Amino acid sequence: MAIATYQSIAGGNADYPSSGGLSYSGGEKTFAVYGTWDGATMKMKASFDGGTTFITLSDTEGSDLAFLDNAIFRIKLGQCLLRFVISGSSGSTDLAVKVS
């Protein structure tokens, strides 16, 4: 069974998607992010006001949820918009984010 890509991330430092956010229906879901990192760090942000304000997701200790390498993780959120933020890339980052 193939799982469709939720968001493709190709290029350098930027927000993905570049405007607005991806609709997240809420609940607890499993995410996978993998590909060529090229020194990048990926953080996730959520908006609960229709995309005006995005807030960085954090772990249970209050640290920003940040990924430096391929990862599988679970998040539990209400209905919102999601955005993936890439920093530290040398310009050839090529990642896929999948959700199930």
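The mean positions of the 7 positive and 9 negative charges of the chain lie 8 Å apart. Lys and Arg count as positive and Asp and Glu as negative, while His and the chain ends are not counted. Each charge is placed at NZ of Lys, CZ of Arg, CG of Asp or CD of Glu. This is a predicted model, in which local features need pLDDT of at least 70 and side-chain atom pairs count only at pLDDT 80 or more, while totals for chains, interfaces and linings use all residues. Residues are numbered from 1 along each chain as its sequence is written, and side-chain values use heavy atoms, with hydrogens and water left out.

**Overall fold**

- The chain has zero helices and 10 strands. Helices (H or I, at least four residues) and strands (E, at least two) are DSSP runs, numbered from the N terminus.
- From the N terminus on, the order of elements is β-β-β-β-β-β-β-β-β-β.
- The radius of gyration is 13 Å, which agrees with the value near 13 Å for a compact globule of 100 residues. That radius is taken over C-alpha atoms, and the globule rule is 2.2 Å times the number of residues to the power 0.38.
- Along its principal axes, the C-alpha trace spans about 35 × 35 × 30 Å.
- Residues 24 or more positions apart supply 80% of the contacts that have a separation of 6 or more. A contact means heavy atoms within 4.5 Å.

**Surface and burial**

- The accessible surface comes to about 5,400 Å², and 50% of it belongs to carbon and sulfur atoms. Areas come from the Shrake-Rupley method with a 1.4 Å probe; for residues, only the protein chains shown count as cover.
- Of the 100 residues, 38% count as buried. Buried means under 20% relative accessible area, exposed means over 50%, and partly exposed lies in between (1.4 Å probe, protein chains only).

**Salt bridges**

- A search of the whole structure finds three salt bridges. The term means a side-chain nitrogen of Lys or Arg within 4 Å of a carboxyl oxygen of Asp or Glu.
- R83 pairs with D15, with the closest N and O atoms 3.4 Å apart. R83 is in strand 9 (residues 80-87) and D15 in strand 2 (residues 14-16), so the bridge ties together parts that are 68 residues apart in sequence. R83 is buried at 12% relative accessibility, whereas D15 is partly exposed at 28%.
- R74 pairs with E28, with the closest N and O atoms 3.2 Å apart. This bridge links distant parts of the chain: R74 is in strand 8 (residues 71-77) and E28 in strand 4 (residues 27-36), 46 residues apart. E28 is partly exposed, at 45% relative accessibility.
- D64 and K43 form a salt bridge of 2.9 Å, N to O. D64 sits in the loop between strand 6 (55-56) and strand 7 (66-67), K43 in strand 5 (residues 41-47), and they are 21 residues apart. D64 is partly exposed at 39% relative accessibility, and K43 is partly exposed at 28%.

**Backbone details**

- Most residues other than glycine have a negative phi, and most peptide bonds are trans.
- The peptide bond from Y16 to P17 is cis, with omega near -5°. P17 lies in the loop between strand 2 and strand 3 (22-24).
- D38 is not a glycine, yet its phi is positive, near 50°. D38 lies in the loop between strand 4 and strand 5. With 26% relative accessibility, D38 is partly exposed.

**Residues in context**

- Y16 is in strand 2. Y16 is buried, with a relative accessible area of 11%.
- Leaving out residues up to four places away in sequence, Y16 touches Q7, S8, I9, A10, G11, R83, F84 and I86.
- Y16 and G26 are 10 residues apart in sequence and 19 Å apart in space, C-alpha to C-alpha.
- Q7 lies in strand 1 (residues 5-11). Q7 is buried, at 12% relative accessibility.
- With residues up to four places away in sequence not counted, the contacts of Q7 include Y16, P17 and L22. F84, L95, A96 and V97 are also among them.
- E61 is in the loop between strand 6 and strand 7. At 66% relative accessibility, E61 is exposed.
- The C-alpha atoms of E61 and K43 are separated by 16 Å, and the two residues are 18 apart along the chain.
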